[in-house]
Amino acid sequence: MPDPSSLVQLEALTKTYREGDQDRTVLRDVSLQLDRGAFSVLMGRSGAGKSTLLNLISGIDLPTSGHVRIGGTDLTTMSETERTKFRRANIGFVFQSFNLISTLTVGENVRLPLELSGQTPRTDQDRARTMLERVGIADRADDFPDRLSGGEQQRVAVARALAHEPLLVLADEPTGNLDYETGQEVLSLLGSLVQDTDTTLLVATHDPEVLPRADRVLHLRGGVLRDEVPEYIGTSRQA
Amino acid sequence: MSLLQRSSRRYLTRHPWLMGLSVLGVAIGVAVVVAIDLANTSASRAFQLSAETVTGTATHQVVGTGETLDDDVYRRLREAGVRPSAPVVEGYGTLRRGDRTFQVIGIDPLADAAFRPYLGTGASGDLDLGTFMTQDVALMSAPTAADLAVSSEDTLRVEIEGTTHAVAVAGLIEPRNERTRRAVANLLVVDVSTAQRLFGQDGRLSRIDLLAPSDDAARAVYLDGVRRALPDGARLQRSDTRTETVTQMTEAFDLNLTALSLLALIVGAFLIYNTMTFSIVQRRGLLGRLRALGVTRGQVFRLVLGEAAVLGLVGSALGLLLGVVLASGLVQLLAQTINDLYFVVEVSEVTVAPWTLAKGALLGLGTTLLAALPPAREATNAPVSTVLRRSTQEAALRRWAPWWAGVGVLVMGGGGLLLLGTQQSIWAGYGALFCLLVGAALLTPLAVVALASGARPLLGRLTGVIGRMAARGVVTNLSRTGVAIAALTVAIAATVGVGIMIDSFRGTVSDWLEQSLQADVYVQPPSLVFRRSTATLDSSVVRRLRAVEGVAGAYSVRRVRVQARVGPTELVAVEPGPETEDIYQFRDGRPDTAWPAVRTGASVLISEPYSYRYDLGVGDSLRLQTDRGQRPFAIRGVYYDYGSDLGVVLMSRSTYEQYYDDRGVSGLAFTAADTTSVDALIADMRASVAGLQDVLIRSNRALRETSMRVFDRTFTITTVLRLLAIAVAFIGVLTALMALALERRREMGVLRATGMTPPQVGGYLTLQSSLMGAIAGILSLPLGYVLAYVLVFVINKRSFGWTLQLSVPADVLMQALVLAVVAALLAGLYPTWRMARASPALALQDG
């Protein structure tokens, strides 16, 4: 029986793709609950189904069977538009390749989710400035993304993911395109921000350096999810 | 402005060339449509205005069986108490000064004021009625007089049907408003007796104007009284009947021009589709990110349509401006064509009708939005998670190519059904043509895959790996290359189709002229309307010419306009000589029985367009209004005739004289005696009529050449439209190739990084664009042929009723191939230049 206090509840998710004449099952009977404010890591090799699982959790894609509930809302029964609206209000994204909108300035990129969720321009601007200050690049607000380094771009992505105070942040290989040090900086920034705001974070990665920061580590192999409690659990989480 | 709109705006401004060219494509398309519409409207407005000016307030007119009626009818009406009524004699003349055509209207100043008060001829005016009614004097518009530097009491030299008359200016008409100014700008007002002298119509009137009471009952009684007072051969009609007839005359002609002008817009639509699709493909990632951030499909859809709307608005606005400028050039061409073919019209200015502009803007915007719909839909399907790359999209498109081709075949089939299901509708004909073009565009991707794959080994053998890559590139970038090639194919095919059509038409007319011009010398008075020479040869000229030594035979032709039950009809009365049977080629009927009947009795032949227009054939009876009342004539044959799309009824001179009082001659054909050279005969003829009416005496060859020159002139507008469609297609290929180049910077960077020199990259791209051009050229040939077939056998037939011989000239086909390759090559130059210069490092980084 799912725990109603959990923010994310996945019930027996299966995702099958049709490739030519054959079916390929990427996820098999995945069930999972993530608590509010938890920092979870989803490990797995390339092609293990990590991105697919993130797409299902965010409502970008629909499972072949099973249910996805976020904060009690079942995404699998919603229309595409409803899911999109739900996503823009409740979920933040950080991608491996930053995925900033090249035609918007840094400040505008951070304001975009706020504007989409219908906030007033004034609130937008204040909130965006605060977020950019928190990630330490307020001085670049008027620059276009292509003028920024990779680390800076990912900071903007983090600011954008959290600007509209989502319930859940999904990060897909957030350090994949960064050098070790920059990656660590971005991770610690992300970690501290979600901790401060009590936001639930799920990071999909195969970077073991992320593990010490996590409350929980999930392994995805051959489409099957295994839950592991890190051995350092009980000690304080790195921030 | 929302952030999404801001993002859109920046995307557009970051690609100024692509967007600029798309805007230009829409602009040219809209400009052509607007220009043709404005030119058409201006010409018909000019005609309407001049018709209204001379009609004035008249509600009804009494007209004769032919062009004129006896002025005794006017006396009878006055005696019967029909008042107000006013006699009118009208025609056209050319003013030597300024070489301007004027409408000459002869009026009775005492009776006319109720009808045309603005002419200032009433008793209260300051006109010297004594002079006006007894001498050769005229009134003209004051602004026109100022334009031509003519002052009151100057003498004008007016040429009418080859005779020059001196007419003094007796007064100037001061127009009270702009409408009157335009209406009287090309008008010469003379007394009715002066006009009779000028036009050689002693005792004849063009019509009698009447003013019926506005009350229905009173009007019925009044009209009944008029009818009773009319003798045989005079008819009562509403005064707007004339304008309606003229509108009907040029209806098919106007429609065809409009349809051709739409062609440029259709090619422009391909351009917009191409640009918008490119912008979507290029932004697939960006759109995917926006979708991940919560932008809904609807928002993406509106975003893309919004961008298209901006391009459409800017393009349409620019197109309207260009259209007005283009119209001022086209209107003269159009007026010339109308003058050559239908009636006299002097168009001095372009009437910029707000409705035309609104229509142009709506059409431009609508077409743009329609063309942007598929890309906008595609944008909503941008994969949110950004895992799907373009190569998979391209692969999907290749897989779908056969399906698209299937849909294309269905669309073409739909066009075929449209043709089979309708008999006469010209719009259905163009609808089928449109289906054909769209169907062909849908077939293009599959054809591109097949042709490019086929060309790959050949190019490989000729130019090695670069050639193979170039061919493969056309297939792997099918979403770009397919549309570009389709646009170029459609445009080139249109030029091939129109080219073949004109050539077939020209060939048919040339053969027909060869067949029908069998005499040695032709004489006719100069006419303002080339194809409808109804002017009359002076009887003394006719007498003298017939008597010239060396004339072996002479045959007269009389052309008049009479009223048939089916409508106004051009009647040709000929003297059937021994060669006549060779001159007229029958489509229906038997010459051996038809000619004897035509020679001796109430039988006629009708031309093919006449038969088509009024659905008449051999065995039918045609009722003509004659001077002996309405009479039936048996139709004995339908013959080929390319002289008039309005159709002609032919009867023998003896029959004509039996039913009509007119004894005039419109033209003469002579055969030279065996011992006389044609040139010498012409010289003798010219000498014999020197000082009399100025007539055109031409040899068989000269007349044929003049006819062909007029033929070519009437197709000038078509040729201009064809060139404009090519210009839009050229811009289409340019944008497509530029888009391709921009999009493939990374690929080029990789090629450069792996050791390809800039000339090699350039060669690769040039080869690829040439290949695209060649594919378009090859595809355009069969499509062009089918278009020509539909134009010749459906559109022409439905518009004018002509049977043309389809001939496919090799040079039109060669031109098409060369044009396609050169357009693609030229269009490939800039992207090639840019790509070859691009730094590989930058290109790699950008990817």
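These are my notebook entries on two contacts and one residue in this predicted model.

**Entry 1: the domains of chain B**

I began with how chain B is divided. I found four domains: domain 1 (1-57 + 247-384), domain 2 (59-238), domain 3 (447-514 + 709-847) and domain 4 (526-694). I picked domain 2 and domain 4 of chain B to follow up, and I noted that their centres, taken over C-alpha atoms, are 30 Å apart. Domain 2 of chain B brings 14 residues to the contact and domain 4 of chain B brings 17 residues.

**Entry 2: what lies between domains 2 and 4 of chain B**

Next I looked up the buried area. Between domain 2 and domain 4 of chain B it is about 1,200 Å², and carbon and sulfur atoms give 49% of that.

I then turned to the pairings. I found zero salt bridges between domain 2 and domain 4 of chain B, and one residue pair in polar contact, with both residues at pLDDT 80 or more. Strand E3 (residues 85-95) of chain B gives the most to the side of domain 2 that touches domain 4, with three residues. By class, I listed one nonpolar, eight polar and five charged residues on that side of domain 2 of chain B.

**Entry 3: a stop at B:Thr569**

I found B:Thr569 in strand E14 (residues 567-574) of chain B. Is B:Thr569 buried or exposed? I noted B:Thr569 as buried, because its relative accessible area is 0%, under the 20% cut-off. The side chain of B:Thr569 makes a polar contact of 2.8 Å with the side chain of B:Tyr610. Leaving aside neighbours within four places in sequence, B:Thr569 is in contact with residues including B:Val560, B:Ala564 and B:Val649.

**Entry 4: chain A against chain B**

Last, I went to the interface of the two chains. Chain A puts 24 residues into the contact and chain B puts in 22 residues. The area buried between chain A and chain B is about 2,200 Å², with 60% from carbon and sulfur atoms.

How many salt bridges cross the interface of chain A and chain B? I wrote down three salt bridges. I looked up the one between the side chains of A:Glu108 and B:Arg6, at 2.6 Å, N to O. There are also nine residue pairs in polar contact across the interface of chain A and chain B, both residues at pLDDT 80 or more.

On the side of chain A that touches chain B, helix H2 (80-90) and helix H3 (106-116) of chain A each supply at least two residues. H2(A) gives the largest share, six residues. That side of chain A has nine nonpolar, seven polar and eight charged residues.

Key: Residues numbered from 1 in each chain as written. Chains lettered and ligands numbered in written order. Predicted model: local features only at pLDDT ≥ 70, side-chain atom pairs only at ≥ 80, totals over all residues. Heavy atoms only, no water. Domains from an automatic or database assignment. Contact = heavy atoms within 4.5 Å. Buried area = accessible area lost by both parts, 1.4 Å probe. Salt bridge = Lys/Arg side-chain N within 4 Å of Asp/Glu carboxyl O. Polar contact = N/O pair within 3.5 Å; in protein donor to acceptor, adjacent residues only side chain to side chain. Helix = DSSP H or I, 4+ residues; strand = E, 2+ residues; numbered from the N terminus. Nonpolar A, V, L, I, M, F, W, Y, C, P; charged D, E, K, R; others polar. Buried < 20%, exposed > 50% of the residue type's maximum accessible area, 1.4 Å probe, protein only.
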